[in-house]
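Please keep the sequence and the model in view while reading.

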Amino acid sequence: MATTYNIIKGTTYLGFNVESTTVNGDFVDLTDATIIVEVIGEKKGCAKHTYTIGKGVEITNAAEGGFIILQDTVINWDYGKWYLIVTITTSAYGTKKWIYKDRIFNIV
């Protein structure tokens, strides 16, 4: 079941928390990770927003793969629905991609 987060355009978002990241049931250690978060609009022609560690992404629990996205960020994206794609690269697991189609940011 999808979860929709309604966000009023121009307001400060408190953040999307990922408490842990796992691969085959094992926690992904983010100590040496590169994280790229893409927020992609549902409408054709919408911009894509990209965030990285230190610029919209903050690691909160490296050992268990915890991080937060867009904490205290003013959201000025186009109106409509947006989805997250998270790509994490580590020395232990290489590059893995998670597509959060069940977490929808609805900008109103």
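Over the face of which residue does K9 lie? K9 lies over the face of Y79, at 4.7 Å from the ring centre. A charge counts as sitting over a ring if NZ of Lys or CZ of Arg is within 6 Å of the ring centre and within 35 degrees of the ring normal. A further contact of this kind involves K101, whose charged end sits over the ring of Y83, 4.5 Å from its centre.

The model is predicted, so local features need pLDDT of at least 70 and side-chain atom pairs count only at pLDDT 80 or more, whereas totals for chains, interfaces and linings use all residues. Residues are numbered from 1 along each chain as its sequence is written, and side-chain values use heavy atoms, with hydrogens and water left out.

A pair of aromatic rings is described by the distance of the centres and the angle of the planes. Rings of Phe, Tyr and Trp (its six-membered ring) pair if their centres lie within 6.5 Å; planes under 30 degrees apart count as stacked, over 60 as edge-to-face and the rest as tilted. The structure holds seven aromatic pairs. One of them joins Y13 and F105 edge-to-face, with 5.6 Å centre to centre and 90 degrees between the planes. Because Y13 lies in strand β2 (residues 12-13) and F105 in strand β12 (residues 94-107), this pair ties together parts that are 92 residues apart in sequence. Strands (E, at least two residues) are DSSP runs, numbered from the N terminus.

Burial is judged by relative accessible area: under 20% is buried, over 50% exposed, and partly exposed in between (1.4 Å probe, protein chains only). Y13 is buried at 11%, and F105 is buried at 0%. F16 and Y100 form another edge-to-face pair, 5.8 Å centre to centre with 80 degrees between the planes. This pair links distant parts of the chain, with F16 in strand β3 (residues 16-18) and Y100 in strand β12, 84 residues apart. Both F16 and Y100 are buried. Ring pairs link Y5, Y13, F16, W77, W82, Y100 and F105 into a cluster.

Salt bridges (a side-chain nitrogen of Lys or Arg within 4 Å of a carboxyl oxygen of Asp or Glu) number two. In one, K48 and E38 have their closest N and O atoms 3.0 Å apart. K48 lies in strand β7 (residues 48-53) and E38 in strand β6 (residues 34-41), so the bridge ties together parts 10 residues apart in sequence. K48 is partly exposed at 47% relative accessibility, whereas E38 is buried at 17%. D102 forms a salt bridge with R103, the closest N and O atoms being 3.2 Å apart.

How values were computed:
Helices (H or I, at least four residues) and strands (E, at least two) are DSSP runs, numbered from the N terminus.
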